[in-house]
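Subject: Structure handover

Hello,

Here is the structure for your files. My notes come after it.

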Amino acid sequence: QVLIEYVRGLIAYGKKKNKELWITELQAEPWEPGELVYRNKEAVTSCWPESFVVTFDEMRKLNVDTIFLWGVEYWLFRIKEYNDNEWFNAALALKNN
């Protein structure tokens, strides 16, 4: 809720200044403490496919003008190494929302 109120404030401020609000790196891959790239097959705690979809949808409902996702290379890694399409499919679902 704190994040949503913060973003609402940024949007309001931007509108007063006739500016758009962009999110340039919405987290869409895990970022585990002490690891540059999370390479294990096991689930993580910092981010999972459903979490970035929920956050993306919340930001879209707030009318954020542009949202770039951070983590596409991780989705491809998961497909190649573990035949795991879950991250990629979650991102594909965004375009249908």
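Predicted model: local features only at pLDDT ≥ 70, side-chain atom pairs only at ≥ 80, totals over all residues.

Residues are numbered from 1 along each chain as its sequence is written, and side-chain values use heavy atoms, with hydrogens and water left out.

Fold. The protein has four helices and two strands, where helices (H or I, at least four residues) and strands (E, at least two) are DSSP runs numbered from the N terminus. Along the sequence the order is α-β-α-β-α-α. Strand 1 (residues 22-27) and strand 2 (residues 66-70) run parallel and are joined by four bridges; two strands pair if DSSP finds at least two bridges between them. One of the bridge pairs is I23 with I67 in strand 2.

Overall numbers. Taken along the principal axes, the C-alpha atoms fill a box of roughly 45 × 30 × 20 Å. Of the 97 residues, 35% count as buried (under 20% relative accessible area, with a 1.4 Å probe and protein chains only). Among contacts (heavy atoms within 4.5 Å) between residues at least 6 apart in sequence, 69% join residues at least 24 apart.

V7. This residue lies in helix 1 (residues 2-16). V7 is buried because its relative accessible area is 6%. Not counting residues up to four places away in sequence, V7 touches L21, M59, L62 and V64. The C-alpha atoms of V7 and W75, 68 residues apart along the chain, are separated by 27 Å.

Cavity. How many cavities of 30 Å³ or more are there? The count comes to one. A cavity here is a set of points on a 1 Å grid over the protein atoms alone where a 1.4 Å probe fits but cannot get out, and lining residues have an atom within 4 Å of a point. The largest cavity has a volume of about 40 Å³, volume being the space filled by probe spheres set on the points. Its lining consists of I11, G14, K15, K19, E20, L21, N63 and D65. Those residues divide into two nonpolar, two polar and four charged, with Gly counted as polar.

Regards

Notes:
1 Å grid on protein atoms, 1.4 Å probe; cavity = no way out; pocket = protein on both sides within 12 Å on 5 of 7 lines; lining within 4 Å. Buried < 20%, exposed > 50% of the residue type's maximum accessible area, 1.4 Å probe, protein only.
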